[in-house]
Amino acid sequence: MTQARPLRSTTTGAIRGSIRVPGDKSISHRSLMLGAIAVGETVIHGLLEGEDVLHTAAAMRLLGAEAEREDNGQGPGVWRVRGVGLGALREPAQVLDMGNSGTAARLLMGLVAGHPITCVFTGDASLNKRPMARVTKPLEEMGARFVGRSGGRLPLTVVGSGDLVPITYRLPVASAQVKSAILLAGLNTAGATTVIEAEPTRDHTELMLRHFGASVTTERLADGALAVTVIGQPELTGRTIHVPADPSSAAFPVVAALLRPGSELLLNDVGMNPRRTGLYDTLVEMGADIAFENRRDQAGEPVADLRVRHGALKGVVVPADRAPSMIDEYPVLAAAAACAEGTTVMLGLKELRVKESDRLAMVAEGLTRCGVSVEVGADDSLTVHGTGGTGKAPKGGATVLTAMDHRIAMSFLVLGMATEQPVSVDDGAFIDTSFPGFVGLMNGLGAAIVEA
C-alpha cells in the first residue's frame with residue numbers, strides 16, 4: 001500500500017517560466033498497447049512515465065511484448081516496443097495489476113477479450129471500487145466471458161476468445177474508455193465492429209489505430225450521433241510516436257498562472273485535440289488571457305504552445321455537452337471558479353461520480369471546507385460562487401480529503417496558492433500516477449508546496 005503523503009500549499013506571488021508538462025496519459029497508454037500488437041518496433045518519444053503508464057508497460061510485457069526504456073542521457077528517455085502481432089498476445093503467468101488507472105484496465109480488457117487467453121485484472125483500492133460492467137456488457141455480447149465481484153468490479157477474470165463476433169453498440173453513457181475497449185476487441189474480430197456515440201468523446205484510439213494501419217471510419221448518422229467502425233484483423237505495423245504534453249496536466253499550472261497577479265507562463269507542445277480542450281474553451285469564456293501559439297500537427301495530433309497571463313476571471317455557465325471534452329478538468333475549473341467574479345454553473349457532471357473518486361462530491365466538500373459557497377444540484381450540476389471582485393480571496397485554512405484521487409489533490413494545491421490561508425491535502429502520493437514531479441515543477445515556477 002502506498003504511504004500517505006500530506007501536502008500543504010501556501011499563497012504565492014507570480015508564476016513564471018517556460019515548461020513542458022509530462023506526456024499525455026491517454027496517448028501513452030494507447031501507444032504501448034498498440035505497439036505491443038503491431039508487427040515490428042514502435043518507438044515512443046515523450047511517453048508519460050507516471051505510475052499508471054508504467055503499470056501498462058508491465059502488463060504488456062506479461063502479455064509477451066517487449067517494452068523497454070532507452071536512456072539516451074539527453075533528457076526524457078525513448079521507449080521501444082517490439083510487438084508480437086495482432087492475435088498473438090500470450091496468456092500472462094501473473095495477475096495484471098493496473099494500479100490506479102481505469103483507462104488502462106478498461107482498454108486492456110477489451111484488447112485481451114479478442115485473444116484466446118485468460119487474464120486476471122486487479123488494481124489499487126480506488127480502482128477496485130470502480131464499475132467495470134459498462135465495459136464487460138458489450139464485450140460479453142461479442143463472446144468474451146468475465147468473472148468478477150459484484151458490479152463487475154476488480155479483481156476480475158477475462159476469458160477471451162479468438163472467435164468474437166462483431167457488434168454494433170450504442171453507448172448508454174458518453175465514455176471514450178468503453179468505446180475504445182469495444183474497438184480494441186474488434187481489432188481481432190472478423191468483420192466490422194461499430195460503436196455509436198451520441199456525444200463525441202476522445203478519439204485518440206481512432207487516430208492511433210489509423211496511424212498503425214487499421215481501417216477506422218467515423219460517420220455522422222441522421223440523429224446526429226457518430227458511428228465509429230473498425231474493420232477487424234488488419235495488419236498493424238510498428239510506428240514512431242511523439243506523445244504531446246498532456247492538456248489535462250497542463251491545466252494545473254495554467255490555472256495557477258491565471259490566479260496569481262503578475263504571472264506569465266509558457267507551456268510547450270500541449271495537445272490540442274478538440275475533444276480534449278473543453279477546459280481551455282471555458283477559461284477563455286471566463287476572460288482568461290491564453291494565447292495558442294505555433295499551432296501544428298504532431299504524429300496526427302494537433303499541438304500548440306500556450307502563453308498564459310494573469311487576469312480577472314468571471315463566472316460562466318458550462319453546458320452539459322462540453323463534459324466529454326473536459327471530464328478530468330472539472331476539479332481544477334472549480335478552483336478557478338472559486339476565485340472568479342460571480343457564479344459559475346457546471347452542468348451534466350454525472351460521470352464525475354464514477355471517476356477515481358466521486359469527484360463531484362469531493363470537489364463540493366473540499367470547496368466548502370475552504371470557505372467557498374457551493375451547491376450540488378439534483379441534476380448532478382455544481383454551482384460555485386466565486387469571491388472575485390469582492391476584494392477577498394477564498395478563506396482556505398483547511399485540510400481537504402482526496403480519496404486517493406490525484407486530480408483532487410493537485411486542484412486543491414492550486415487553490416491553496418490563491419487562498420487567504422494555506423490549503424492542505426491529506427494525501428498527495430497518488431499525484432505520481434499522472435503527473436510525476438508535479439510538486440517540484442510547480443515550486444520551480446514560484447509555488448510553495450511542502451510536506452504537511
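**Reading buried residues, sheets and cysteines**

Modeller: In this predicted model, helix 9, which spans residues 330–339, is mostly covered, with 10 of its 10 residues buried.

Biologist: Which residues of helix 9 are buried?

Modeller: The buried residues in helix 9 are Y330, P331, V332, L333, A334, A335, A336, A337, A338 and C339.

Biologist: Why is C339 called buried?

Modeller: Its relative accessibility is 18%, and the term buried applies under 20%, so C339 counts as buried.

Biologist: What makes strand 18 and strand 20 the edges of their sheet?

Modeller: The sheet is an open one of four strands, in the order 18-19-21-20 and with mixed pairing. Strand 18 (317–318) and strand 20 (373–376) each have a single partner strand, so one side of each is left without a neighbour in the sheet. Helix 9 packs on this sheet, where it touches strand 18, strand 19 (343–346) and strand 21, and its direction makes about 160° with that of strand 19.

Biologist: Which residues have the most contacts inside the largest nonpolar core?

Modeller: That core has 78 residues, and those with the most contacts inside it are L267, L283, Y330, M346, L367, L382 and F438. Setting aside residues up to four places away in sequence, F438 touches F252, M410, L413, I431 and I449. There is also a second, separate core of 65 residues, which includes L47, L111, L184 and V243.

Biologist: Why is N273 called buried?

Modeller: N273 sits in the loop between strand 15 (264–271) and helix 8 (278–285), and its relative accessible area is 3%; since the limit is under 20%, N273 is buried.

Biologist: What makes the pairing of the N273 and E301 side chains a polar contact?

Modeller: The two side chains are joined at 3.2 Å, and the cut-off asks for N or O atoms within 3.5 Å, so the value meets the distance condition. Beyond its neighbours within four places in sequence, N273 is in contact with D203, H204, L207, E301 and P302.

Biologist: How do you know whether H29 is buried or exposed?

Modeller: H29 belongs to helix 1 (residues 25–37), and with 0% relative accessibility it counts as buried. Its contacts, apart from neighbours within four places in sequence, are D52, V53, T56, S101, T103 and A104.

Biologist: Why is T122 called buried?

Modeller: T122, which lies in strand 7 (residues 118–122), has a relative accessible area of 17%; buried means under 20%, and T122 therefore qualifies. Among the residues that T122 touches, not counting those up to four places away in sequence, are V95, G99, L127 and P155. T122 and G99 are 23 residues apart in sequence and 7.6 Å apart in space, C-alpha to C-alpha.

Notes:
Residues are numbered from 1 along each chain as its sequence is written. This is a predicted model: local features need pLDDT of at least 70, side-chain atom pairs count only at pLDDT 80 or more; totals for chains, interfaces and linings use all residues. Side-chain values use heavy atoms; hydrogens and water are left out. Buried means under 20% relative accessible area, exposed over 50%, partly exposed in between (1.4 Å probe, protein chains only). Helices (H or I, at least four residues) and strands (E, at least two) are DSSP runs, numbered from the N terminus. A polar contact is a pair of N or O atoms within 3.5 Å; within protein, one must be able to donate a hydrogen and the other to accept it, and residues adjacent in sequence count only if both atoms are side-chain atoms. Contact means heavy atoms within 4.5 Å. Two strands pair if DSSP finds at least two bridges between them. Axes are lines fitted to C-alpha atoms, for helices over the stretch in contact, and angles run from 0 to 180 degrees between N-to-C directions. A nonpolar core is a set of buried Ala, Val, Leu, Ile, Met, Phe, Trp, Tyr and Cys residues joined through side-chain atoms within 4.5 Å.
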